Amino acid sequence: MTLGKAIAALAMIGTLAGCEVAGHGTVGADKTRDRGFDKKHLSQLKAGIWVDPNGCDHWIIDDGVEGYLSQRLDKYGKPVCSGAAPPGVATGPFKSGSTFPDIL
């Protein structure tokens with residue numbers, strides 16, 4: 001086995017090993033609950049808007065450990081591009097709703 005293949009195999013093993021950290025390897029059927037440090041229903045977190053490089057909006061929530069992002073769509077399923085902020089910028093209270101400090 002060449003050195004490159006050995007390094008690739010070790011990297012793959014390390015990546016797969018990270019999937020079962022601290023007993024969080026399984027995800028239940030209920031995707032509406034935050035299962036992290038300060039567990040709560042996701043409706044209790046505050047969303048902001050991140051504007052992608054194309055100028056379209058995405059809902060963003062950051063509770064200090066986990067983050068959530070989904071594209072903002074209109075009632076017809078088309079992207080919303082409101083101009084709420086310049087491209088690449090997040091705006092709004094997306095870090096609110098959690099007591100966990102976010103150092104970044």
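**Note on the predicted single-chain model**

1. Buried residues account for 21% of the 104 residues in the protein chain. This is a predicted model, and the protein chain exposes about 7400 Å², of which carbon and sulfur atoms supply 64%.

2. Confidence should be kept in view when reading the remaining points. The protein chain averages a pLDDT of 75, and 62% of the residues score at least 70. Among the elements of the protein chain, the lowest mean pLDDT, 58, belongs to strand β1 (residues 33-34), whereas β3 has the highest, at 91.

3. As for the overall layout, the protein chain contains 1 helix and 6 strands, and along the sequence these elements follow the pattern α-β-β-β-β-β-β. When contacts between residues at least 6 apart in sequence are considered, 49% of them join residues at least 24 apart.

4. Which strands make up the open sheet, and in what order? The sheet has 4 strands in the order β5-β4-β3-β6, with antiparallel pairing, and its edge strands are β5 and β6, each of which pairs on one side only. In general terms, strands of a sheet pair through backbone hydrogen bonds, either parallel or antiparallel.

5. Strands β4 and β5 run antiparallel and are joined by 5 bridges, with Trp59 standing opposite Ser70 in β5. Strands β3 and β4 pair in the antiparallel sense over 4 bridges, and here Gly48 stands opposite Ile60 in β4. Strands β3 and β6 are likewise antiparallel, pairing over 2 bridges, and Trp50 has Ala90 in β6 as its bridge partner.

6. How many disulfides does a search of the whole structure find? The search finds 1 disulfide, which joins Cys56 to Cys81 with an S to S distance of 2.0 Å. The pair links distant parts of the chain, 25 residues apart: Cys56 lies in the loop between β3 (48-51) and β4 (57-62), while Cys81 lies in the loop between β5 (67-71) and β6 (90-91). The torsion about the S-S bond of Cys56 and Cys81 is about 65 degrees, so the disulfide is right-handed.

7. Are the two cysteines buried or exposed? Cys56 counts as buried because its relative accessibility is 11%, which falls under the 20% limit for that class. Cys81 has a relative accessibility of 44% and so counts as partly exposed, since that class lies between the 20% limit and the 50% limit above which a residue is called exposed.

8. Pro87 is also found in the loop between β5 and β6, and it counts as exposed because its relative accessibility is 52%. Leaving aside neighbours within four places in sequence, Pro87 is in contact with Val51, Asp52 and Pro53. The C-alpha atoms of Pro87 and Cys56 are separated by 7.9 Å, although the two residues are 31 residues apart along the chain.

Note on methods: Residues numbered from 1 in each chain as written. Predicted model: local features only at pLDDT ≥ 70, side-chain atom pairs only at ≥ 80, totals over all residues. Heavy atoms only, no water. Buried < 20%, exposed > 50% of the residue type's maximum accessible area, 1.4 Å probe, protein only. Contact = heavy atoms within 4.5 Å. Areas by Shrake-Rupley, 256 points an atom, 1.4 Å probe, with all protein chains shown as cover. Disulfide = S-S within 2.5 Å. pLDDT = per-residue confidence, 0-100. Pairing = 2+ DSSP bridges.
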